[in-house]
Amino acid sequence: MRSCPNALELLKIAEQTLITEVASDMSRRQRYTAALVASAIGIARRELARGICAWADELYTLRALYHADPTEEPESSLRELHRRLASDLRAGVYDENAKKRTAALGLLCQNVLARLKEDNPRYDKLTTADTSTENTVS
């Protein structure tokens, strides 16, 4: 049985306390440093909350792309598949085959979007606002 609050809740409490209580009594330079630390805590908290994958179907998609064993331990499997994908990208494996290139690009785009959401929780709101502005301007 785990204690309450759990690790993710503790990180959220630390992040909020740093921003709302500690930083207010600091110089401008120290507040900036505190904001950087709070941001790093927030990113780590969101990353831990998601688990080993940046997005829900990441491991499934990589396993399908490489016909990998679905019974293999997820964390080591994901690490190995990431290495294999990076190696294949560097070697140009996806350059010529349009179907493989589309699959690899889709996977990379999903990964980038997931990381943006982890790094900046307001990302969805920002992109929605940008899209609505584009639609009005057009």
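**Figure 1. Salt bridge between glutamate 75 and arginine 79 within helix α4 of the predicted model**. Glutamate 75 and arginine 79 lie four residues apart in helix α4 (residues 74-91), and are therefore separated by about one helical turn. Their side chains form a salt bridge with an N to O distance of 3.9 Å. Glutamate 75 is partly exposed, at a relative accessibility of 40%, and arginine 79 is likewise classed as partly exposed, at 41%.

**Figure 2. Salt bridge between arginine 115 and glutamate 47, linking helices α5 and α2**. The closest N and O atoms of arginine 115 and glutamate 47 are 3.5 Å apart. This pair connects distant parts of the chain, with arginine 115 in helix α5 (residues 98-119) and glutamate 47 in helix α2 (residues 28-50), 68 residues apart. Arginine 115 has a relative accessible area of 33% and is partly exposed; glutamate 47, with 35%, is also partly exposed.

**Figure 3. Salt bridge between arginine 115 and glutamate 118 within helix α5**. The two residues are three positions apart in helix α5, about one turn of the helix. The side chains of arginine 115 and glutamate 118 meet in a salt bridge at 3.4 Å, N to O. Glutamate 118 is buried, having a relative accessibility of 2%, whereas arginine 115 is partly exposed.

**Figure 4. Salt-bridge network that includes arginine 115**. Glu47, Arg50, Arg115, Glu118 and Asp119 are joined in a network of salt bridges. The structure contains seven salt bridges.

Technical notes
Residues are numbered from 1 along each chain as its sequence is written. This is a predicted model: local features need pLDDT of at least 70, side-chain atom pairs count only at pLDDT 80 or more; totals for chains, interfaces and linings use all residues. Side-chain values use heavy atoms; hydrogens and water are left out. A salt bridge is a side-chain nitrogen of Lys or Arg within 4 Å of a carboxyl oxygen of Asp or Glu. Buried means under 20% relative accessible area, exposed over 50%, partly exposed in between (1.4 Å probe, protein chains only).
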